[in-house]
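Student: Can you show me how to read aromatic pairs, burial and contacts in a model? I would like to go step by step.

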Amino acid sequence: MTKLFNKTTEKSKRRQLRQNMTKAEALIWQKLRCKQIENCKFRNQYSVDRFVLDFYSPEIKLAIEIDGESHFQEGA
């Protein structure tokens, strides 16, 4: 795709994160998906360089990161 956003090399990481969402991420995703807030599209597990954002809206350039146990793992 591009050199910085949603690299194909990060695709398996994004897929794995989508399949194993935390409870907090799942709750928030239910409210963000399908343009439920201000008719704004959000993407789930969007990558920027080697980092993966929990939610991102390209329209308004807003990234949302939910803190959780994954942030306390080695290498996070």
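This is a predicted model: local features need pLDDT of at least 70, side-chain atom pairs count only at pLDDT 80 or more; totals for chains, interfaces and linings use all residues.

Student: How many aromatic pairs does a search of the whole structure find?

Tutor: The general idea comes before the count. Rings of Phe, Tyr and Trp (its six-membered ring) pair if their centres lie within 6.5 Å; planes under 30 degrees apart are stacked, over 60 edge-to-face, and the rest tilted. Here the search finds 2 pairs. Trp29 and Phe55 are stacked, at 5.7 Å centre to centre with 10° between the planes.

Student: Which parts does the pair of Trp29 and Phe55 tie together?

Tutor: Helices (H or I, at least four residues) and strands (E, at least two) are DSSP runs, numbered from the N terminus. Trp29 sits in helix α2 (residues 23-32) and Phe55 in strand β2 (residues 51-57), so their pair ties together parts 26 residues apart in sequence.

Student: Are Trp29 and Phe55 buried or exposed?

Tutor: Buried means under 20% relative accessible area, exposed over 50%, and partly exposed in between (1.4 Å probe, protein chains only). Both Trp29 and Phe55 are buried.

Student: What about Tyr46 and Tyr56?

Tutor: Tyr46 and Tyr56 are stacked too, 4.7 Å centre to centre and 20° between the planes. Tyr46 is in strand β1 (residues 43-48) and Tyr56 in strand β2, 10 residues apart. Tyr46 and Tyr56 are buried.

Student: Which residues make up the largest nonpolar core?

Tutor: In soluble globular proteins, nonpolar side chains tend to be buried together. A nonpolar core is a set of buried Ala, Val, Leu, Ile, Met, Phe, Trp, Tyr and Cys residues joined through side-chain atoms within 4.5 Å. The largest one here has 6 residues: Trp29, Leu32, Cys40, Phe42, Phe55 and Ile66.

Student: What does Phe42 touch?

Tutor: Contact means heavy atoms within 4.5 Å. Not counting residues up to four places away in sequence, Phe42 touches Trp29, Leu32, Phe55, Tyr56, Ser57, Leu62 and Ile64.

Student: Where is Lys41?

Tutor: Lys41 is in the loop between α2 and β1. Its relative accessibility is 39%, so Lys41 counts as partly exposed. Beyond four places in sequence, its contacts include Lys35 and Pro58.

Student: And where is Ile37?

Tutor: Ile37 is also found in the loop between α2 and β1. At 38% relative accessibility, Ile37 is partly exposed.

Key. Residues are numbered from 1 along each chain as its sequence is written. Side-chain values use heavy atoms; hydrogens and water are left out.
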